[in-house]
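Please open the model in your viewer and follow the stops below in order.

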Amino acid sequence: MKNTGIRENLNVGLFFSILVVLCFLEITTHLFEKAVGYYLKWENHTRPQLGRLWERDRENLAAQKKIESLLSSLNIQERSAESIQSLKELFEKLSPSSPQVVSRRKFVQLYYDFPGQWAKNLIPSYDLIEIDADKNWQKVLLTQFGPWITVSFIDNQNYPIREVFLSSDQLVEIQSTRTVQRGQLEDLGFRAETIFTLAEFLKIFKTLDPVTQKALFPDPQWFLRHNYHILRVGLQENPEPVGGNGSPLFGIEYETEFFTDVLLTPVPGEIANNLLSQFERPGAEGAVDPETFMQGF
């Protein structure tokens with residue numbers, strides 16, 4: 001009986017000792033909380049989600065799928081944008097319901113591939129160098145909200161490096177500087193007496209001041225790089241519906257591989273007047289009368 005009592009006392013002492021040790025471990029290491037946490041983690045896939053936890057996870061999953069869908073859609077748009085031939089065409093495809101995205105390579109190509117200076121009004125070329133300096137510029141996203149257009153330069157993590165904001169009025173003004181129309185000068189309303197061969201035009205053009213030259217004629221590399229051959233030039237008194245601002249149009253007729261196109265540039269009336277006054281035709285017609293040409297302005 002005595003031995004039995006001793007064993008009982010030992011068991012009780014051992015039990016309390018173990019209990020004290022467990023309490024000490026719980027206080028110092030949060031043993032039981034960690035054990036319960038690991039258990040719940042291991043059994044998480046077998047337990048139903050209820051209440052706010054389920055709702056939060058559902059929202060996270062929906063948001064993740066939406067982001068993946070947007071990125072996939074943008075990637076598809078980026079691939080389809082490879083066929084776009086000019087910045088003007090890129091902006092024409094833009095609408096509030098249809099954002100546009102192009103790769104860095106495509107944007108740079110379009111930026112320098114239009115025969116004019118208006119792309120630099122979109123963003124100066126030195127700013128492009130600054131954006132490109134960190135080597136993480138990947139694409140350009142164009143979005144429209146009401147009358148405002150946002151041009152976002154995106155990095156490889158799909159975060160905007162820089163954003164440029166334009167109004168629709170600015171875009172119309174920018175796009176109206178130069179346009180390309182299919183056909184010959186006569187097809188676009190140019191009169192025979194105000195159409196000249198390239199040789200005739202260049203004799204006068206080389207005598208003009210640099211500012212006037214820049215206003216009339218784009219950088220010749222645009223024609224040479226595309227293997228376009230200039231045929232004739234002309235002046236038109238009524239730019240409708242191409243220009244729409246009441247200014248004369250200077251047209252450059254050129255041949256592409258398959259078609260004849262005309263590059264149209266609105267010019268101030270005084271430049272057109274000065275240019276026409278210097279042309280002389282052999283024969284009884286004499287010089288082109290700029291006053292006759294400018295009637296109606």
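**Stop one: a charge over a ring**

Select R182 and F259: the charged end of R182 sits over the ring of F259, 4.0 Å from its centre. A charge counts as over a ring if NZ of Lys or CZ of Arg is within 6 Å of the ring centre and within 35 degrees of the ring normal. This is a predicted model, in which local features need pLDDT of at least 70 and side-chain atom pairs count only at pLDDT 80 or more, while totals for chains, interfaces and linings use all residues. Residues are numbered from 1 along each chain as its sequence is written, and side-chain values use heavy atoms, with hydrogens and water left out.

**Stop two: aromatic rings**

The structure holds twelve aromatic pairs. One of them joins F217 and F223, a tilted pair with 6.0 Å centre to centre and 40° between the planes. Rings of Phe, Tyr and Trp (its six-membered ring) pair if their centres lie within 6.5 Å; planes under 30 degrees apart are stacked, over 60 edge-to-face and the rest tilted. Now select F201, F205, F217, F223, Y228, F250 and Y254, which ring pairs link into a cluster.

**Stop three: a strand residue**

Go to T150 in strand β3, residues 148-155; strands are DSSP runs (E, at least two residues), numbered from the N terminus. Is T150 buried or exposed? T150 is buried, because its relative accessible area is 9% and buried means under 20% (1.4 Å probe, protein chains only). Leaving aside neighbours within four places in sequence, T150 is in contact (heavy atoms within 4.5 Å) with L141, L142, T143, E163, V164 and F165.

Notes. Helices (H or I, at least four residues) and strands (E, at least two) are DSSP runs, numbered from the N terminus. Buried means under 20% relative accessible area, exposed over 50%, partly exposed in between (1.4 Å probe, protein chains only).
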